[in-house]
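Dear colleague,

Please read them with the structure open beside you.

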Amino acid sequence: MLYLLPTPLAEGTAPQVLPPQVVAAVTWLPYFLVENLRTARRFVKEVAPHRVIEDIRFVLIDKDSTAAQVKAALEPLLKENIAAGVLSEAGCPGIADPGAALAQEAHRLGLAVRPLVGPSSILLTLMGSGLNGQRFAFHGYLPIEKAARIAAIKALDKEAAQRDQSQLCIETPYRNDQLLSDLLAHLSPSTRLCVAADLTAPTEYLRTLPVAEWRRLPALPPLHKRPAVFAWGK
């Protein structure tokens, strides 16, 4: 069986955000397929301090892993009849995450796939935004190049209005402030924009306002180097 194991979004929050099923799985699984080796080892030691990290097998599967590497990472489940856990660097594996390739290949190989409940920044943003939760799309990263980014923002804004569809995206944390500036400059004044940062952390910020009201604020939230999700819609 392949377990998809959510990890905390913010440091020090594991006891508050992880359900018992996730903690229980981490205490016994012999094999982990992970997005980041250092983060994964630290997470396992935090959740299951009794475990000897050197006795656990970790294999890196990230966005640069090939299909052959994904397949090879799953071979022990078939050959050795063991279970494995997939760990994202933060949040839910398979959601905007290379763990999706592992789940896809596991299904192709006939392995059982078991996703466990845990924190997802995308879903938490949508839940707290007040935007349409029945019709939504996550677009990952918008283009970096200025003209292409502006064109994408305008196209997604138009689609949000026409289809009543909530649009969500993320950005590399050190470019968050620039993305917020571009959104406020090019979304329609009546579009509602949600900014969510540091979700589940003591410094959590989540606010939804029409773009026209965001523009009138005396100061925008500082987002530099803070994990953030942006969502907008009617």
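Contact, as used here, means heavy atoms within 4.5 Å. Please bear in mind that this is a predicted model.

To begin with the helix: in helix 5, which runs over residues 99-109, the buried residues are Gly99, Leu102, Ala103, Glu105 and Ala106. These residues lie on the same side of helix 5, because the arc that they cover around the axis is only 170°. In general, an α-helix has 3.6 residues a turn, so residues three or four places apart point the same way. The other side of helix 5 carries Gln104, His107 and Arg108, which are exposed. As for what covers the buried residues of helix 5, the list includes strand 1 (2-5), strand 2 (31-34) and helix 4 (67-79), together with strand 4 (84-87) and strand 5 (113-115). After helix 5 comes Gly110, and the phi of Gly110 is positive, near 85°.

Turning to the cysteines, a search of the whole structure for disulfides finds zero. Cys92 is in no disulfide, and the cysteine sulfur nearest to it, that of Cys194, is 18 Å away, whereas a disulfide would need the two sulfur atoms to be within 2.5 Å. Cys92 is buried, its relative accessible area being 15%. Cys169 is likewise in no disulfide, with the nearest cysteine sulfur, again that of Cys194, 11 Å away. Cys169 counts as buried too, at 0% relative accessibility.

Notes:
Residues numbered from 1 in each chain as written. Predicted model: local features only at pLDDT ≥ 70, side-chain atom pairs only at ≥ 80, totals over all residues. Heavy atoms only, no water. Buried < 20%, exposed > 50% of the residue type's maximum accessible area, 1.4 Å probe, protein only. Helix = DSSP H or I, 4+ residues; strand = E, 2+ residues; numbered from the N terminus. Arc of directions from axis to C-beta.
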